[in-house]
Amino acid sequence: TQIRFLPLFADGSSTLEFDTLLEQKIATVVFAAVLFVVGLSVKIAATWTAGLNTYYYKDMFYGRDLGEGFIASGIYKLKWLKSPMYGPGNSQSYAMALLGGFWIGPLVALVFHMSIFAFDFFIEQPFVEKIYGVGNDDEDAPQIEV
C-alpha cells in the first residue's frame, strides 16, 4: 500500500510504502495521536493565556466589554498564529476523523474548520475591532500579561 504526500522527505520522495495493512493502520493512529496532542496543547496554552472567564462571546452577546478587555499575550502574540484556538487548536477534529476510518470524516472536519474561520472573519473579528478598537493582527493592541 502506498500513501502519497507532497515532497516532504529528505530524499525528495513523496510516497510512504507500507508492507501490510497493519503498518498503515499503525501509521494512521500515530499521525492522529500527534494531531490530537498538538491541538490539545494549543488549546491548553490559549486557555492558560486568556483564562477561563475571558472570552469575547460573552461580550458579543451583551454588545459591550464586560470583563478584562482584549487579551494579546502568550500564544496570541505569535505573528504566524493569529487564531490559535481556531487554527491548530482544532486539529483534534482531523485526528478523530482519521481514526474513524471513513473518507467523509476528514472532509467533514475540513468543513467544520472552514466554518470556524468564516465565523472568525465575518463575525468575531469585526466585533473585536468595534468593541476593543483592535484587530487580530494589530501590533498596538493593549498588552495584558498573564
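Analyst: Helices are DSSP runs of H or I with at least four residues, strands are runs of E with at least two, and both are numbered from the N terminus. Read in this way, the protein chain follows the pattern β-β-α-α-α-α, which comes to four helices and two strands. The model is predicted, with local features requiring pLDDT of at least 70 and side-chain atom pairs pLDDT 80 or more, whereas totals for chains, interfaces and linings use all residues. Residues are numbered from 1 along each chain as its sequence is written, and side-chain values use heavy atoms, without hydrogens or water.

User: Why is α1 called roughly antiparallel to α3?

Analyst: The axes of α1 (residues 21–50) and α3 cross at roughly 160° and come within 7 Å. Axes are lines fitted to C-alpha atoms, for helices over the stretch in contact, with angles from 0 to 180 degrees between N-to-C directions. Angles over 145 degrees count as roughly antiparallel (under 35 roughly parallel, 65 to 115 roughly perpendicular, the rest oblique); α1 is therefore roughly antiparallel to α3. Their crossing is left-handed, that is, the near helix is turned anticlockwise from the far one by less than a right angle (clockwise would be right-handed).

User: Which residues of α1 and α3 meet?

Analyst: Contact means heavy atoms within 4.5 Å. In α1, the residues include F31, L35, F36 and K43, and in α3 they include Y94, M96 and L99. The contact of α1 with α3 divides into twelve nonpolar, four polar and one charged residue. Here Ala, Val, Leu, Ile, Met, Phe, Trp, Tyr, Cys and Pro count as nonpolar, Asp, Glu, Lys and Arg as charged, and the others, Gly among them, as polar.

User: What makes α3 roughly antiparallel to α4?

Analyst: The axes of α3 (residues 91–100) and α4 (residues 104–132) come within 8 Å and cross at roughly 165°, which makes the two helices roughly antiparallel. The crossing is right-handed. S93, Y94, A97 and L98 of α3 make the contact with G105, P106, A109, L110, F112 and H113 of α4. Seven of these residues are nonpolar, three polar and none charged.

User: Why is the aromatic pair of F121 and F122 called edge-to-face?

Analyst: Phe, Tyr and Trp rings (the six-membered ring of Trp) pair if their centres lie within 6.5 Å, with planes under 30 degrees apart stacked, over 60 edge-to-face and the rest tilted. F121 and F122 lie 4.9 Å centre to centre with 85° between the planes, hence edge-to-face. The structure holds one aromatic pair.
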